[in-house]
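Colleague: Please take a close look at one part of this model, the contact between the chains, and follow it into whatever it connects to. I would like the cut-offs stated as you go.

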2 protein chains.
Amino acid sequence: MNTIQISAFDILNMETRKRAAFMNSISGFKSASLIGTIDKNNKTNLAIFSSVIHLGSNPALVGFINRPDTIDRHTFENILETNCFTINHINKSIYKQGHQTSARYPKDISEFDATGLTPEFQNSFKAPFVKESNIKYGLEFIEKHDLKINGTILVIGKVVEVFLPESCLLSDGAIDIEMAETIAISGLDSYHTTNKIARLSYAKTDKIPIEINP
Amino acid sequence: MNTIQISAFDILNMETRKRAAFMNSISGFKSASLIGTIDKNNKTNLAIFSSVIHLGSNPALVGFINRPDTIDRHTFENILETNCFTINHINKSIYKQGHQTSARYPKDISEFDATGLTPEFQNSFKAPFVKESNIKYGLEFIEKHDLKINGTILVIGKVVEVFLPESCLLSDGAIDIEMAETIAISGLDSYHTTNKIARLSYAKTDKIPIEINP
């Protein structure tokens with residue numbers, strides 16, 4: 001493959017939309033999630049995010065990046081109002097509806113209604129889950145970090161409850177998210193199913209990693 | 001699929017390694033990257049990270065999460081010393097070597113030497129790239145955010161130069177990272193190739209998204 005070099009200057013001089021497509025591609029494959037929220041008047045909201053990221057296991061923390069200029073500032077406003085949100089994995093059956101949640105619907109229209117996805121309420125948890133999602137979890141808002149360099153916000157939540165298919169929970173605690181039909185995103189708008197190559201054993205300096213199948 | 005519920009209490013009571021496997025799975029698919037660094041004595045280091053994340057397009061920012069208790073604190077030490085690092089996409093041909101970089105090698109052993117991956121120096125950029133990687137970019141260290149809740153650090157870099165296969169750069173600025181053989185990670189140790197379902201058009205409230213092929 002013939003390699004080309006793109007400099008910081010080239011990136012700076014790209015047309016805005018082209019630069020966004022380029023920069024959103026170089027970080028690699030991303031998680032595909034729908035974040036469900038509700039405001040103090042019980043109006044639901046649903047928005048696609050590709051920036052959900054593992055932050056820690058104990059305490060059980062997950063974060064996502066919220067842009068202040070985002071098409072979906074309703075998500076963060078609702079989280080500040082009700083202190084909770086849900087993260088719902090996108091699967092192949094709902095990726096078009098998931099993508100459509102990124103349209104700029106006004107605040108009084110719920111993306112659940114607009115896209116046909118079904119809000120699901122679990123126990124006493126206030127924020128809506130997505131019924132059609134196979135792996136989903138509810139979080140309590142813990143803290144935010146303002147990234148002053150570009151005005152984005154890292155929003156951090158603590159996992160309160162997780163729902164997943166029993167068959168996808170493996171004996172060693174890992175979840176087979178491919179079996180649960182979770183998909184991946186690349187760039188701004190590209191959706192991908194996956195094929196497992198292998199799981200590898202815990203790396204040690206004196207051993208070559210071997211395939212494991214818990 | 002029969003759904004089960006895992007509570008915050010259940011997560012807290014999991015054995016440490018099991019909890020790590022579980023929590024690393026629920027965020028969805030993750031980027032698969034090798035971060036290359038060098039210290040002030042020109043000793044190279046290479047480490048696998050699944051937490052690389054897009055933070056902004058203008059300025060061109062990419063971040064990753066560094067744990068203070070991580071097996072690879074050398075990466076962050078080197079970044080503080082020399083102010084630069086490289087991010088190199090992992091492909092199917094090098095995922096075993098990539099995984100092996102997570103073994104706890106002492107500071108005087110370079111993971112390049114230990115795993116057989118080849119350091120590559122580009123122009124005047126100080127940190128080493130990975131020759132076997134198809135998409136790779138050099139970054140200048142910009143800032144860090146300490147997440148006090150669990151001691152992790154969000155490390156932010158500005159993209160200085162990008163190397164990629166010419167055939168993978170699409171007309172609209174997106175990179176076909178699947179064509180470049182970039183893979184995805186799930187959990188702590190599961191590696192996946194991808195199959196593109198589709199790219200979808202920019203979402204509008206009055207239109208159904210259609211497939212695009214720039």
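Modeller: In the interface, 98 residues of chain A are in contact with 98 residues of chain B, contact meaning that C-beta atoms placed from the backbone lie within 7 Å. This is a predicted model, in which local features need pLDDT of at least 70 and side-chain atom pairs count only at pLDDT 80 or more, while totals for chains, interfaces and linings use all residues. Residues are numbered from 1 along each chain as its sequence is written, and chains are lettered from A and ligands numbered from 1 in the order in which they are written.

The side of chain A that touches chain B divides into 49 nonpolar, 34 polar and 15 charged residues. Here Ala, Val, Leu, Ile, Met, Phe, Trp, Tyr, Cys and Pro count as nonpolar, Asp, Glu, Lys and Arg as charged, and the others, Gly among them, as polar. Strand S13 (residues 190-200) of chain A gives the most to this side, with eleven residues; strands (E, at least two residues) and helices (H or I, at least four) are DSSP runs numbered from the N terminus. Nine bridges join S13(A) to strand S13 (residues 190-200) of chain B, and the two run antiparallel; strands pair if DSSP finds at least two bridges between them. Within this pairing, Asn195(A) stands opposite Thr193(B).

As for symmetry, a rotation of 180° with 0.0 Å of shift along its axis superposes chain A on chain B, with an RMSD of 0.0 Å. That is the relation of a two-fold axis. Thr194(A) has the C-alpha nearest the axis in chain A, 2.1 Å from it.

The largest nonpolar core has members from both chains: of its 111 residues, Ile26(A), Val62(A), Val159(A), Ile175(A), Ile26(B), Val62(B) and Ile175(B) touch the most other members. S11(A) gives the most to this core, with seven residues. A nonpolar core is a set of buried Ala, Val, Leu, Ile, Met, Phe, Trp, Tyr and Cys residues joined through C-beta atoms within 7 Å. Buried means 20 or more other C-beta atoms within 10 Å of a residue's own, exposed 12 or fewer, and partly exposed in between, with C-beta atoms placed from the backbone. Leaving aside neighbours within four places in sequence, the contacts of Ile175(A) include Ile135(A), Leu164(A) and Ala180(A) in chain A, and Phe22(B), Ser25(B), Ile26(B) and Gly187(B) in chain B.

In H3 (residues 73-82), the buried residues are His74(A), Thr75(A), Phe76(A), Asn78(A) and Ile79(A). Six of the six residues of S3(A) are buried, so S3(A) is largely enclosed by the rest of the structure. S3(A) pairs in the antiparallel sense with S4(A) over six bridges, and with S7(A) over four. Thr37(A) has Asn45(A) as bridge partner in S4(A), and Ile35(A) stands opposite Ile87(A) in S7(A).

On confidence, the mean pLDDT of chain A is 95, with 98% of its residues at 70 or more; pLDDT is the predictor's confidence in each residue, from 0 to 100. The predictor gives the complex an ipTM of 0.97 and a pTM of 0.97.

How values were computed: Two residues are in contact if their C-beta atoms, placed from the backbone, lie within 7 Å. Copies are superposed by least squares on the C-alpha atoms of residues with pLDDT of at least 70 in both.
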